[in-house]
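Please look over the model below before reading my points.

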Amino acid sequence: MKSILIVDDEESIRESLQGILQDEGFRTISAENGEQGIALLRDEIPDLVLLDIWMPGMDGIETLRKIREVCPEQLVIMMSGHGTIETAVKATKLGAYDFIEKPLSLEKLLLSVQNALTVGQLVEENRSLKAKIAKEHEMIGDSPAIRQLKEQIAIAAPTSGWVLITGENGTGKELVARAIHTLSSRASKPFIEVNCAAIPEELIESELFGHEKGAFTGATALRKGKFDLANEGTLFLDEIGDMSLKTQAKVLRILQERKFERVGGSRTIEVDVRVIAATNKDLAEEITQGNFREDLFYRLNVLPFDVPPLRERKSDIAKLITHFLELYCSKESREIKTVSPPAMELLVNYSWPGNVRELKNIIERLVIMVQEKEITERHLPAATFSRKTAEPRPATSLIADVATFREAKEEFEKDFLIQKLEENDWNISRTAEAIEIERSNLHRKIKSFGIELKK
């Protein structure tokens, strides 16, 4: 039951409001002056306050100021029989939700109360969702590598410098980007993510810059692009190494001029966006091969971050496992599971070629599929037994039986696919998702290399 605090010096008003609101299913409490209202506010923490402006002693405006000090997010509706525009503006500036004139209209009062409580519920849901997202995107670990990364983030985040994050697939580059945004002055503004590798080349300009109505077939209405949506906030360009040279040139122009035109439009739009880019590619090598613009690289690489692979931070693995167990057991409404010491040893010593993403997926699978409270080694995927260390295959064994570059490339690709299939229990769909290729394409490669599926 929602509670409403009524603060008014007129007893008849208090009693009338209490009767009306109780009939509507609300619990009411009342105070005859501001001081008493503040005291009740501290004890009751009501969902809404109805506050009269003209009261002896501490008037409504001063009471509203005190409420803001005690509870900054408290919903307050002001009431006055001598209302002026100046008073209404002052109350609104102090954070009042609404301003109602006396004599009170029952219909308008109930509408304002319902609207205010709806806003309060949305604010609470928003806060809860943000807390949930923050929990899911928390950077877990206290290994030297992660401690150093967190220290660098704390230094760089409050600045306005552009950021370039590098690291293998699945290491958590997005987590670094979100942490930088959260700790920046733009934290209350949008965080907009764009996966440059997932958007077809012919659509990426429209995705980034938006388009005008009629710009191309199917453009039936004006659409804002990601730069537009991220205005005053942060734009995260993931896998920027997969962006075409043509689009790179346009992105560079925006970074330099802070303005752009929508596809099919001529109007210049100014934006204030902090760009964070990420890639798993060696951009220096991409520049050498002519696939990435050198000037864009230097524009983005103001604040470089390198996210270490999981095999280089083994001391964090147990903490990550505990974190993901709690996260997914809570999500699936399961009792918190534990991992037996032998199983934990296998997981800690596994090489984790898919990094934190692979660990996260395996723990989610175990939470869903294992019925017992304790996860043991018999529950673990076969991959965790077959590849315990991160030692690379010696180059000599790779090239011993091949004579050409093409043969060496095919041999490497075949070995890579076998390794990934083993890690994913020879599940085609899961393997295709892990290495980020189409399932049909993976089937073709398995057939062309003559790989025998074990499951």
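The notes below go through the structure by topic.

1. This is a predicted model, in which local features need pLDDT of at least 70, side-chain atom pairs count only at pLDDT 80 or more, and totals for chains, interfaces and linings use all residues. Residues are numbered from 1 along each chain as its sequence is written, and side-chain values use heavy atoms, with hydrogens and water left out.

2. Start with helix H2 (residues 34-44) and helix H3 (residues 60-70). They pack at an angle of about 20 degrees, with axes 10 Å apart. Helices are DSSP runs of H or I, at least four residues, and strands are runs of E, at least two. Axes are lines fitted to C-alpha atoms over the stretch in contact, and angles run from 0 to 180 degrees between N-to-C directions. H2 and H3 are therefore roughly parallel (under 35 degrees; over 145 is roughly antiparallel, 65 to 115 roughly perpendicular, the rest oblique). Their crossing is right-handed (the near helix is turned clockwise from the far one by less than a right angle).

3. Which residues of H2 and H3 meet? Gly-34, Ile-38, Leu-41 and Arg-42 of H2 meet Thr-63, Lys-66, Ile-67 and Val-70 of H3 (contact means heavy atoms within 4.5 Å). By class, the contact of H2 with H3 has four nonpolar, two polar and two charged residues. Ala, Val, Leu, Ile, Met, Phe, Trp, Tyr, Cys and Pro count as nonpolar, Asp, Glu, Lys and Arg as charged, and the others, Gly among them, as polar.

4. Helix H8 (residues 201-209) packs on helix H10 (residues 245-257) at about 15 degrees, with axes 10 Å apart. That makes H8 roughly parallel to H10. The crossing of H8 and H10 is right-handed. From H8 come Glu-201, Ile-204, Glu-205, Leu-208 and Phe-209; from H10 come Lys-246, Thr-247, Lys-250, Val-251 and Ile-254. The contact of H8 with H10 divides into five nonpolar, one polar and four charged residues.

5. The axes of helix H19 (residues 428-435) and helix H20 (residues 439-449) come within 9 Å and cross at roughly 105 degrees. H19 and H20 are therefore roughly perpendicular. Ile-428, Ser-429, Thr-431, Ala-432 and Ile-435 of H19 meet Arg-439, Leu-442, His-443 and Ile-446 of H20.

6. The second largest pocket has a volume of about 750 Å³. On a 1 Å grid over the protein atoms alone, a pocket is an open set of points with protein on both sides within 12 Å along at least five of seven lines; in a cavity a 1.4 Å probe fits but cannot get out, and lining residues have an atom within 4 Å of a point. The pocket is lined by 33 residues, with Gly-170, Gly-172, Lys-173, Glu-174 and Arg-357 nearest its centre. H6 (144-156), H7 (173-182), H13 (317-331) and H15 (355-369) each supply at least two lining residues.

7. The largest cavity holds about 50 Å³ of space. Its lining is Trp-162, Phe-227, Ile-254, Leu-255, Arg-258, Val-271, Val-273 and Val-275. Seven of these are nonpolar, none polar and one charged.

8. Two backbone points deserve a look. The peptide bond from Lys-102 to Pro-103 is cis, with omega near -5 degrees. Pro-103 sits in the loop between strand S5 (98-101) and helix H5 (106-136). Asn-355, a residue other than glycine, has a positive phi, near 60 degrees. Asn-355 is in helix H15.

Methods. Grid points are joined across faces, edges and corners, and a volume is the space filled by probe spheres set on the points.
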